[in-house]
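Take a first walk through a protein model. Keep the sequence beside the picture as you read.

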Amino acid sequence: MELVFATNNKHKLEELQAILGDQFKLLSLNDIGCNEEIPEEQETLEGNASQKSFFVYEKYGYNCFADDTGLEIEALNGEPGVYSARYAGEEKSAEANMNKVLEKLTKINNRNARFRTVISLIINGREKQFEGIVEGAILEEKKGDSGFGYDPIFQPTDFQLSFAEMPLSEKNKISHRGRAVQKLVSYLKSHEIEK
């Protein structure tokens, strides 16, 4: 079954194709000729995921899913949250975003944080949402060089490694996106979905 994943982020596509296996063929926005900026104007992760998936479905006619992910830091009242990608500015620099977080947490002992992903799936015009959460803490400094986004400064609870130090297969088992995708996959597999 073909499904459009509303992203052009190669890392996300690889990560998800690995989890989905060969029952589903993931198409990116490039694959369907969507080169425009998809609107993300909502105040919540749920709203953004929904807005993105409906945009693709209504404009291009493909069954699809979109996700929105936020890093929610307890001591910062849930920041950066829905603004995670552009926390330090519109250029969406992961480096600048991480530096801003580390700077804001200087002299703060409570480093509890969680990653939360919401996936909006549209099949034949009907939406279903899935959520994945992983609890953890913000490190004092960046560690590791795999992964993307805030991975080098996030250490999941009960692990000694940051997300950026873990092999992808390990991260997929416990990550917020991995957990949301597992729910998506079991939903897709348990509901015979017509192409």
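Helices (H or I, at least four residues) and strands (E, at least two) are DSSP runs, numbered from the N terminus. This is a predicted model, in which local features need pLDDT of at least 70 and side-chain atom pairs count only at pLDDT 80 or more, while totals for chains, interfaces and linings use all residues. Residues are numbered from 1 along each chain as its sequence is written, and side-chain values use heavy atoms, with hydrogens and water left out.

Start with the overall fold. The protein has 5 helices and 7 strands. Read from the N terminus, their order is β-α-β-α-β-β-α-β-β-β-α-α. The C-alpha atoms fill a box of roughly 55 × 30 × 25 Å along the principal axes. The radius of gyration is taken over C-alpha atoms, and the globule rule is 2.2 Å times the number of residues to the power 0.38. For 195 residues, a compact globule would come near 16 Å; the protein has 17 Å, which agrees.

Now look at inside and outside. A residue is buried under 20% relative accessible area, exposed over 50%, and partly exposed in between (1.4 Å probe, protein chains only). Of the 195 residues, 49% count as buried. Contact means heavy atoms within 4.5 Å. Take the contacts between residues at least 6 apart in sequence: 55% of them join residues at least 24 apart.

Helix 3 shows how burial can be arranged. It covers residues 94-104, and its buried residues are N97, M98, V101 and L102. Seen down the helix axis, these residues fall within an arc of 130 degrees, so they line one face of helix 3. The arc is that of the directions from the helix axis to the C-beta atoms. What covers the buried residues? The cover includes strand 3 (64-73) and strand 6 (126-138).

Next, visit single residues. Is V181 buried or exposed? V181 sits in helix 5 (residues 176-190). Its relative accessibility is 0%, so V181 counts as buried. Beyond its neighbours within four places in sequence, V181 is in contact with L16, I19 and I119. V181 and E103 are 78 residues apart in sequence, and their C-alpha atoms are 32 Å apart in space.

N8 lies in the loop between strand 1 (2-5) and helix 1 (10-20). At 38% relative accessibility, N8 counts as partly exposed. Setting aside residues up to four places away in sequence, N8 touches S28, L29, N30 and C34. N8 and D31 are 23 residues apart in sequence and 9.2 Å apart from C-alpha to C-alpha.

D145 belongs to the loop between strand 6 and strand 7 (154-156). With a relative accessible area of 76%, D145 is exposed. Along the chain, D145 and A164 are 19 residues apart, and 5.4 Å separates their C-alpha atoms.

Finish with the backbone. Which peptide bond is cis, with omega near -10 degrees? The bond runs from E79 to P80, and P80 is found in strand 4 (residues 79-80). N77 lies in the loop between strand 3 and strand 4. N77 is not a glycine, although its phi is positive, at about 55 degrees. N77 is exposed, with a relative accessible area of 74%. K107 also has a positive phi, near 65 degrees, in a residue other than glycine. K107 is placed in the loop between helix 3 and strand 5 (112-123). At a relative accessible area of 82%, K107 is exposed.
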